[in-house]
Amino acid sequence: MNTKQKNVVTLGIILIIVTFIIWLLSGGDFFTKTQILVEKETTELDKMLGVEPQKEYEDKFVFGLVPPGIVATAEMISASTISALILLVSGILFFKYKTKNKMETI
Amino acid sequence: MKTILQTFFIAIVAVSFTAAQGFKVNTSGEQTFNFEDKKGRNQATFFSTTPLEDITGISNSVKGKVTFNVSDIKTLKGSISIPVASLDTGIELRNEHLLSDNWMDAESYPNITFEIKSVSDIKAEADNKITAKVTGDFTAHGVTKQVVADVTITYLLESEQTKSRAPGDLLGVQAKFNVNLSDYDIENMIIGQKVAEEIEISINMVGSNAM
């Protein structure tokens with residue numbers, strides 16, 4: 001393993017760790033979501049009628065561990081897909097630098 | 001004299017136990033309340049858990065009618081229905097799974113219904129508020145089973161404040177009950193996650209007798 005390959009591996013590991021830290025700080029949800037459940041404000045009349053506050057799904061991005069299936073939307077952005085992408089790019093660069101190293105030796 | 005008083009007291013107690021229990025409001029007779037709200041404020045919530053996360057499905061398309069004698073809540077009759085297609089779990093793919101053949105099969109069984117059969121354990125919390133256990137036929141996925149819901153019913157006479165929601169007297173209903181998925185031939189996997197066997201259903205709705 002040459003210096004460039006070592007740098008690629010180190011950078012890849014750091015980026016994956018950072019991705020998982022961001023995931024944990026975002027709430028550690030299993031699925032990536034584009035909507036979250038919120039409670040609407042209760043009116044005085046609702047209280048008099050004895051009904052609970054109405055709930056609704058509001059648009060908000062939540063960074064999760066995995067996407068909820070193979071979907072071509074923002075729900076694909078998750079810790080696992082980003083880590084897989086980092087691994088793929090790191091792998092490509094790792095082999096690219098390996099070839100260059102051999103050429104240089106010849 | 002003492003015997004007469006004792007007999008009178010026992011008679012009063014006996015009558016109070018057998019008397020009809022209802023709302024003590026300034027109206028009487030049979031009333032019909034319609035729960036159709038075009039603004040989608042009436043809501044049914046389906047709560048479940050998986051080992052990885054909680055799932056809440058909501059529907060704002062609750063419809064139905066109930067009829068009862070204001071002074072006797074035991075006369076309560078009617079039904080509530082929710083279109084399966086209106087359920088939203090916050091994840092589009094999960095909604096698709098929910099409506100599919102493996103789950104609710106929305107195409108074959110488009111509605112979830114609750115038909116009131118009887119009312120028991122009536123307690124007056126206030127003149128216009130009653131808690132009771134309402135037994136009814138709950139139908140989902142083409143299967144009907146009897147369930148008992150814990151219900152709180154509040155009667156509000158028409159006022160300037162109630163008119164902001166709907167014309168006429170208003171009836172606020174909060175109901176909660178649990179159902180087992182296997183009782184309704186529903187499999188308990190959704191997007192690869194095993195869902196808890198028991199689902200908690202909660203209904204919050206307001207009806208008017210002038211619609």
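**Strand pairing and chain contact in a predicted two-chain model**

Strand E9 (residues 170-180) of chain B and strand E12 (residues 198-208) of chain B run antiparallel and are joined by 11 bridges. Two strands are taken to pair if DSSP finds at least two bridges between them. Helices (H or I, at least four residues) and strands (E, at least two) are DSSP runs, numbered from the N terminus. The structure is a predicted model, in which local features need pLDDT of at least 70 and side-chain atom pairs count only at pLDDT 80 or more, while totals for chains, interfaces and linings use all residues. Residues are numbered from 1 along each chain as its sequence is written, and chains are lettered from A and ligands numbered from 1 in the order in which they are written.

Of the 11 residues of E12(B), 8 are buried, so the strand is largely enclosed by the rest of the structure. A residue counts as buried if 20 or more other C-beta atoms, placed from the backbone, lie within 10 Å of its own, as exposed if 12 or fewer do, and as partly exposed in between.

The contact between the chains takes 19 residues from chain A and 26 residues from chain B; two residues are in contact if their C-beta atoms, placed from the backbone, lie within 7 Å. On the side of chain A that touches chain B, two or more residues are given by each of strand E1 (33-39), helix H2 (44-49) and strand E2 (55-62) of chain A. The largest share, 4 residues, comes from E1(A). This side of chain A divides into 11 nonpolar residues, 4 polar and 4 charged. Ala, Val, Leu, Ile, Met, Phe, Trp, Tyr, Cys and Pro count as nonpolar, Asp, Glu, Lys and Arg as charged, and the others, Gly among them, as polar.

Confidence in each residue is given by the predictor as pLDDT, from 0 to 100. Chain A averages a pLDDT of 87, and chain B has a mean of 89. Among the elements of chain B, strand E8 (residues 143-156) has the highest mean pLDDT (97) and helix H1 (residues 2-18) the lowest (54). Over residues 13-18 of chain B, pLDDT stays under 50, and the model has 0 contacts beyond four places in sequence for them. The model scores ipTM 0.77 and pTM 0.81.
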